[in-house]
Amino acid sequence: MAQPSTRTARRARAVAFGAALGGLVSGCGAAGVQGDTTTPAHPAWLGHDRVLFDDVVDAAALGLGADVSNAQKDPLLKERARGSELVSRVRVSTVTVESLAEVRTYRLVLQVVAPPFGTPAFEQTAFELVIGPTAPSYGVAQAFDMRLRGASFIGFLRRFAGEGDEPSRLHWHLSPDTAEVAAAVTDALALAELSGS
């Protein structure tokens, strides 16, 4: 009777070893897929993300347009806050204007004003925004020009898949730097943390 028991035990060990080996092999395969350089590290800038991260300087942030006292009721603001990799007060530290054949391109360097809202997904503290003739905020950049230097905003930033050799491309939205917008962002992030999303 001892013989069949030993045989059964050996078979059980062999099956267990095979299963463990299979698990290791499939684990290595999964790691290989995660490290695959053909898989983009960031999502494509498509669909609703183009609405949330629209590369727009909110005109209200410069004293033009809509009243921002109802920031708590703005669903896009809350979605932006939850979808951003970095939400922070930012200040325009430099504005550079490049002219080529009478066409101007504006380069704004944003400096993050600590502390950010929530936990940022990256540690970069300065960003260059390029606003060319086809950009949605070109009219604002033209109208304010060098007066944008020193302007303060609440910035929503997220990296998306780049083009060509670019590993990523930053898209953004700049909202008014007001207590109302800051409170709406804080509430949205707190709610997202509570709900685990």
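Two strands pair if DSSP finds at least two bridges between them. Helices (H or I, at least four residues) and strands (E, at least two) are DSSP runs, numbered from the N terminus.

The model is predicted: local features need pLDDT of at least 70, side-chain atom pairs count only at pLDDT 80 or more, and totals for chains, interfaces and linings use all residues. Residues are numbered from 1 along each chain as its sequence is written, and side-chain values use heavy atoms, with hydrogens and water left out.

**Exercise 1. State the confidence of the protein chain and of residues 1-39.**

Solution. pLDDT is the predictor's confidence in each residue, from 0 to 100. The average for the protein chain is 81, and 77% of the residues score at least 70. For residues 1-39 the pLDDT is below 50, and this stretch has 1 contact (heavy atoms within 4.5 Å) in the model beyond near neighbours in sequence. Where pLDDT is low, the predicted coordinates should not be read in detail.

**Exercise 2. Give the strand order of the sheet and identify its edges.**

Solution. The sheet is open, with 6 strands in the order β1-β6-β5-β2-β3-β4 and mixed pairing. β1 (56-57) and β4 (126-131) each have a single partner strand, so one side of each lacks a neighbour in the sheet.

**Exercise 3. Describe the pairing and the two faces of β4.**

Solution. First, β3 (residues 103-117) pairs with β4 in the antiparallel sense over 6 bridges.

**Exercise 4. Characterise the surroundings of Ser-88.**

Solution. Ser-88 belongs to strand β2 (residues 86-100). Ser-88 has a relative accessible area of 0% and is therefore buried. The Ser-88 side chain reaches the backbone oxygen of Val-113 at 3.2 Å. Leaving aside neighbours within four places in sequence, the contacts of Ser-88 include Pro-115, Phe-117, Phe-153 and Gly-155.

**Exercise 5. Locate helix α3 and account for its buried residues.**

Solution. Helix α3 (residues 75-83) has Leu-77, Arg-80, Ala-81 and Gly-83 as its buried residues. Their cover includes α2 (48-52), β2, β5 (152-161), β6 (168-176) and α5 (179-195). At the start of α3, a side-chain oxygen of Asp-74 comes to within 3.0 Å of the backbone nitrogen of Leu-76.

Notes
Buried < 20%, exposed > 50% of the residue type's maximum accessible area, 1.4 Å probe, protein only. Polar contact = N/O pair within 3.5 Å; in protein donor to acceptor, adjacent residues only side chain to side chain.
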